[in-house]
Amino acid sequence: MALLLGFLLLLGLCEDTMSEEPSSSQYRPGGLEFQLPPTSYQTSDSYDPGPAGLFFHIVRLFVQIVQPNAFPEDILRKTIQKKFDPSKEYDKIIYYEIGIIICAALGLLFVVLMPLVGFFFCLCRCCNKCGGEMHQRQKRSGPFLKKCYTISLLVICVFISIGIIYGFAANQYMRTRVEETRKLSDSNFNDLRTLLNVVPGQIDYILDQFTHPKEKAFDDLDNINSLVGDGIYEHLKPKVLPVLKDIKDLAKDMKANRDTLVQVNTVLTDVKHSSAYLRTSLRDVKTSMEQTLTDPQCSFPAVAPTCNSIRKSLSVLDDSANFDHLPSLDGHITQLDGLLQTDLSSLVQKANESLSNIPEEVQNQTRDFITEFKKTLNSIQSDVKNISTKIPIQKTLSSFVRYINNSEDYILHYLPTMEECDSYRWLVCLVVCCLLTLILTFYLLGLLCGTLGYDQNATPTRRGCVSNTGGLLLMVGAGFSFFFSWMAMTTVVLTFVAGGNMEKLVCEPYRNKKLFQVLDTPYLLNEDWKYYLSGLVLNKPDVNLTFEQVYSDCKENKGLYATLKLDHIYNVSEQLNITKHTGDINSNLENMNIRIEDIELLDKTGMKTLMDLRSSGIDDIDYAAYLNATERSPTRVNLISFANDIQRKANQLPSGRLKTSLKSHADTLINIHQNQVIPLQNSMSTMNKQMKTLHYRTSGLKVRVSTTIFFLNSTQDFLTSQLSKIVVEESKQFGSKIISYFEWYLQWVEMTITQQFAACKPAATAVDSAVNVFLCSYIVDPLNLFWFGMGKATMLLLPAVIFAVKLAKYFRRMYSEDVYEDDPVNKVQSKPRVQTVPGVQTVPMVQTVPMKKAL
């Protein structure tokens with residue numbers, strides 16, 4: 001009760017730190033693992049008898065057969081209530097004990113009859129009766145009978161020896177185990193002291209674990225910039241960063257478009273100039289060739305066809321590309337130059353920096369709060385550690401220590417007396433075993449000497465000394481059987497009655513817990529209490545607290561709180577929701593005021609730039625006209641092919657000025673192609689590629705810019721309306737995380753107090769050691785094995801005596817024997833005569849008789 005008082009006192013002090021508000025945090029913190037240090041005890045929670053356990057089990061089965069009746073719960077209940085009158089209800093006892101009574105009666109009958117039969121048997125033998133005459137009648141079945149008697153006696157001796165071995169082993173087993181009783185007692189008392197000594201340490205350990213959630217909270221407070229600031233940033237990032245990226249991409253595309261427009265505009269100017277120059281060059285060549293074809297030589301019939309052919313082909317000698325209709329891009333370039341004066345990339349970078357600075361801003365705003373909050377946690381830890389100093393646990397446990405010491409002194413005081421009594425028991429059982437061993441030795445020596453010394457050719461009066469000694473030893477064994485067997489049976493009966501009843505009334509009901517069920521009978525131990533244990537411990541006799549349940553819970557090493565159902569006195573589950581200090585922590589966290597200034601993604605200038613970009617008209621340029629103009633060939637005909645054709649036709653002409661002029665014009669065309677057409681083609685190709693790129697980038701520009709402006713306005717509205725809420729939410733989550741450390745600690749405290757604190761397994765082990773180990777395994781089991789073995793050996797002495805007496809006739813030297821004279825011819829038996837043994841005094845006159853059945 002003192003330990004219980006101290007336990008409740010600890011809970012009472014814990015109540016001072018409780019709050020009425022339940023926790024709202026569902027966060028399960030990682031990195032916080034609490035575990036009460038395990039306590040090691042000396043005494044094993046189970047007992048293994050070793051190989052002897054098999055024989056103990058066999059004896060229990062025999063006892064169950066002898067005494068199959070169920071445990072007399074009603075008789076025990078009435079006995080405890082002092083309502084059982086043995087003089088009136090003896091029939092119930094007799095009915096329950098009928099098996100043991102019958103076996104004990106048979107044993108007592110053996111005790112009485114064995115010496116009496118032995119006495120009359122000796123008198124009968126002295127009168128030369130009952131096989132006492134030293135004359136052996138011979139018959140043809142004699143050798144067969146001798147073998148049967150020998151084998152039967154040998155088998156019986158083997159079984160007797162097994163029983164004696166059981167007796168010796170059980171006797172020594174009990175003595176050895178009784179000698180270990182002091183060690184068993186010391187280990188159990190040491191375990192109980194360990195249990196009492198570990199309780200203050202467990203209290204201190206539970207309270208010291210407050211350091212872990214406190215240090216975890218300190219780490220989070222030191223990293224509030226990442227835990228809260230990064231949380232805010234991560235919450236805003238999916239909304240803000242895509243919009244900023246779109247604006248940045250627009251700024252990059254706007255600069256790239258302006259550069260492309262400048263390049264296209266430059267190339268366009270060059271193309272227009274080159275195209276005009278090419279047109280002039282081709283026109284000059286065409287005019288010059290037309291003048292050359294007016295040469296008189298062309299009027300010759302042989303030359304005229306060639307000149308006509310050349311004259312007709314001059315119509316294709318002209319340029320095909322005309323860029324004069326393509327407008328200049330200077331206006332668009334000027335417009336983009338004006339837009340690029342606003343650096344949108346810088347504005348986006350500024351907005352990104354505002355987002356990235358949120359963690360640092362959180363750190364700066366909470367610096368003073370963190371300092372004060374750490375002071376609060378340190379103060380709470382000091383208060384928690386002081387709880388143990390307020391608990392008079394040592395004074396509470398000292399009464400238990402005194403009780404254990406007094407119990408140990410009592411046991412140690414009577415233990416020598418028990419050991420002395422056990423030594424007397426051991427000596428008596430040893431003497432009984434030795435007496436049976438002596439009888440068995442005579443039988444075995446008799447069998448040995450008789451078998452080895454037996455000569456089948458020797459007549460009964462001429463048997464050898466060894467054979468005669470064997471017969472005498474058998475008779476001595478039979479005599480000792482009559483003389484000592486009753487002593488052995490007396491010991492067997494006494495140990496049988498004691499051991500059998502202890503097994504059935506104590507050990508068996510203890511193992512199947514029926515003994516606890518009887519003790520748990522309502523109103524049994526106290527007429528006013530329904531449940532005695534709950535009335536004793538909780539002062540609430542209606543609570544279903546039973547011996548069986550307490551023993552089972554202690555066997556499973558549960559704590560006193562759950563085992564004794566102390567929740568009926570003090571409900572830890574209701575009280576350990578959240579402590580008063582945790583409430584202070586929560587209120588402090590609510591005062592953590594973090595304010596993030598509104599973040600402006602884009603100022604008015606940047607917004608105006610985007611709107612101007614939307615109306616810039618870059619995407620309205622007639623890209624088809626530019627692309628069509630640049631995709632044509634600069635000339636209508638390939639000048640190289642045309643020049644080669646002119647040279648081929650000129651080669652057909654006769655030598656002269658016409659031929660020379662035409663070849664000169666062909667060379668001029670080739671020169672124009674190389675110096676003017678090819679560069680113009682390159683410029684047109686470059687311009688085509690640039691216009692395609694520009695067209696791709698500006699395609700849907702209005703929609704793209706409009707979409708960007710829409711999401712920009714939407715995100716800015718989100719920041720304006722939701723930023724403060726996000727900050728508050730992240731702050732609450734951070735506070736909940738801090739609170740969860742202490743709630744998790746309190747949950748562990750609750751679980752430890754209700755299930756692990758002051759685990760009572762040593763108490764169950766002590767009960768098991770006293771009843772199951774010491775009484776049943778150390779004493780009852782070997783005691784039952786002793787009477788089982790010795791009883792079997794003693795009962796087998798009866799047939800052993802019979803076979804020994806019968807067999808002795810075939811080993812001992814007779815005083816007289818039957819002699820037959822056979823007629824050599826007719827083989828007719830003559831009258832027998834008596835032949836005396838030399839050196840042995842015989843009866844002077846022996847009346848011989850015809851063959852009769854041998855005894």
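Reply: Here are the labels and the reasons for them; note that the model is predicted.

Me: What makes Cys-298 and Cys-307 a disulfide?
Reply: Their sulfur atoms lie 2.2 Å apart. The cut-off is within 2.5 Å, so the pair counts as a disulfide.

Me: Why is the disulfide of Cys-298 and Cys-307 called left-handed?
Reply: The torsion about its S-S bond is about -70 degrees, so it is left-handed.

Me: How do you know that Cys-507 and Cys-776 are joined, and which parts do they tie together?
Reply: The S to S distance is 2.0 Å. That is within 2.5 Å, so a disulfide is assigned. Cys-507 lies in helix α17 and Cys-776 in helix α29, so the link ties together parts 269 residues apart in sequence.

Me: Why is Cys-449 in no disulfide?
Reply: The nearest cysteine sulfur, that of Cys-465, is 9.3 Å away. A disulfide needs sulfur atoms within 2.5 Å, so Cys-449 is in none.

Me: Why does Ala-758 count as buried?
Reply: Its relative accessibility is 2%. Buried means under 20%, so Ala-758 qualifies. Ala-758 also has a positive phi of about 55 degrees, although it is not a glycine.

Me: What makes Tyr-523 partly exposed?
Reply: Its relative accessible area is 41%. Buried is under 20% and exposed is over 50%, so Tyr-523 falls in between. Tyr-523 sits in the loop between α18 and α19.

Definitions and conventions: Residues numbered from 1 in each chain as written. Predicted model: local features only at pLDDT ≥ 70, side-chain atom pairs only at ≥ 80, totals over all residues. Heavy atoms only, no water. Helix = DSSP H or I, 4+ residues; strand = E, 2+ residues; numbered from the N terminus. Buried < 20%, exposed > 50% of the residue type's maximum accessible area, 1.4 Å probe, protein only.
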